[in-house]
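Subject: Structure handover

Hello,

Please have it open while you read the notes below.

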Amino acid sequence: MASLSREALQQENKFVMETAKLIEKEILSSPPTRKEKVINFLHPQELIDRVDFKLNESGMNQEQLLKLCKDAIKYSVRTSNPMFVNQLYHAADPYSLAGSWLTEALNTNQHTFEAAPFFIVLEQLLLREVRSIIGWESGDGIFAPGGSIGNMYAMTLARHHKYPEAKRKGLAQCGHLVAFTSDEAHYSIKKSANWIGLGMDNVITVKTNEFGEMIPAELDFAMVKAKSEGKIPFFVNATCGTTVLGASDSFVAVGEICKKHDVWMHIDAAWGGSLLLSKKHRKESLKGVELADSIVWNPHKMLGASLQCTLFLTKYQNLLKECNSASATYLFQQDKFYDTQYDTGDKSMQCGRKVDVLKLWLMWKARGTNGLEHLVDNACHQALYFQSLIKERPGFRLVIPRVQCTNVCFWYVPPSLRGQEETEEWWKELGKKRLLLMYKLEETEESFLINFCLIIVYLLLVLFYFSV
Ligand code: PLP
């Protein structure tokens, strides 16, 4: 950066402080109430007309910049509004937010120990702690930019585990590799297959039962069939907390099948991984989790860490480095003055990597493991309560009769469609009403329960942090 005069530097710092004050005033000290809108919704062109998005030859003054910051707040979704019940995330935990700010202010790069000594050590230790919560004595891990990328790490690692030579020579000489996942799993598994060059059609989807859990016998059958066709199973994705129904696959049964066929078992616990922290709920939802070869967990979902915060973990110690390293000599020299094992950046797919660990660590330190457990248990409790309300409410109907993870899925049947035969036409009509209702809710403020209908088939009850 070009050097600045003292005055210019002071001016710039003043702007940072003004922005911080704005955040304090508009977001932190006056979080929106239930009466306020979650968003001042404008259609794209209206938004373009309303805000000065254009980049100019000359810079703006600070007053104008501050006005733009206010616009950003004004036209953004207020995730701290108690009526914000969108899927999977919520306003950030305040300690996590502080961690994010500190991270941004330090703006360092998590590739080498010399660039990020504190964070490299912290990442290693925190990942070790989580591995021990899973039940692994050793292993490795890395923070990834989101659960989808975490799942891609898993698929790549599984390929490397089976065919290390593919790193240099490509997939062509591996034979016809196929991966397996349930039909309720997250779409990022298919995206991963695309990214690693496997091809989406080589992800075989396995049937689920009425609760959205993978049927182990179907998995076994699909693997045997694939083998009989000359294909090579190498990767199974099991899910803890499917995105819609919140289902957890049976890791014990899936683990046994993977062992039998010598296939990598990955658990996508992006959503349900936070249940690891609950003694009560991990028993039901994460039994057999230690059998996995790799796991992805997103504390930015149920736990409320600020986006993005994703842990990729594996029980193999050196595999990440073996699989991903390119040994760039300008960065990862072996003759440095410290232990270069701490230059963990070559394990990553990235070069420059954002620090994502501080925001989780700070909230964990502030709340303690017990505090986090309480947040998770409270979310599960709230989901049960919500389910009981849905059960009693006329016109509302549960999609499945139980709460899984914290997902409560329900239909809202408007009066005009009640008491009729539920034909294919009827379901189509119900779908149309849902769209209409969503549109109306964008326009108006509605009562508490009706607002929940924003996501009719699909609602995930996220932590009510501030009511704990
Ligand atoms: N896995 C599951 C089960 C999810 O629900 C999601 C996102 O909703 C993901 C993976 C992808 O995570 P991310 O949005 O962090 O990429």
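Predicted model: local features only at pLDDT ≥ 70, side-chain atom pairs only at ≥ 80, totals over all residues.

Residues are numbered from 1 along each chain as its sequence is written, and side-chain values use heavy atoms, with hydrogens and water left out.

**Arginine 131**

Arginine 131 is in helix α5, residues 117-134. Helices here are DSSP runs of H or I with at least four residues, strands are runs of E with at least two, and both are numbered from the N terminus. Arginine 131 is buried but has no salt bridge. Buried means under 20% relative accessible area, exposed over 50%, and partly exposed in between, with a 1.4 Å probe and protein chains only. A salt bridge needs a side-chain nitrogen of Lys or Arg within 4 Å of a carboxyl oxygen of Asp or Glu. For charge, Lys and Arg count as positive, Asp and Glu as negative, and His and the chain ends are not counted. The nearest side chain of opposite charge to arginine 131 is aspartate 140, at 4.9 Å. Beyond its neighbours within four places in sequence, arginine 131 has contacts that include Trp136, Asp140, Leu313 and Thr314. Contact means heavy atoms within 4.5 Å.

**Aromatic rings**

There are 14 aromatic pairs. One of them joins phenylalanine 337 and tyrosine 338: the ring centres are 5.2 Å apart and the planes are at 85°, so this pair is edge-to-face. The rule takes rings of Phe, Tyr and Trp (its six-membered ring) with centres within 6.5 Å; planes under 30 degrees apart are stacked, over 60 edge-to-face, and the rest tilted. Phenylalanine 337 is exposed at 76% relative accessibility, whereas tyrosine 338 is buried at 14%.

The charged end of arginine 402 is 3.5 Å from the ring centre of phenylalanine 211. The rule asks for NZ of Lys or CZ of Arg within 6 Å of the ring centre and within 35 degrees of the ring normal.

**Cysteines**

How many disulfides are there? The count is zero, with a disulfide taken as a pair of cysteine sulfur atoms within 2.5 Å. For cysteine 380, the nearest cysteine sulfur is that of cysteine 405, 6.7 Å away. Cysteine 380 is buried, at 6% relative accessible area. Cysteine 405 is buried too, at 11%. Cysteine 69 is partly exposed, at 21%.

**Backbone**

Most residues other than glycine have a negative phi, and most peptide bonds are trans. Cysteine 405 has a positive phi near 55°. Its place is the loop between β8 (396-398) and β9 (410-412). Aspartate 262 also has a positive phi, about 55°, and is not a glycine. Aspartate 262 lies in the loop between α10 (251-261) and β5 (264-269), and is exposed at 57% relative accessible area.

The peptide bond from leucine 307 to glutamine 308 is cis, with omega near -10°. Glutamine 308 is in the loop between β6 (294-297) and β7 (310-314).

Best regards
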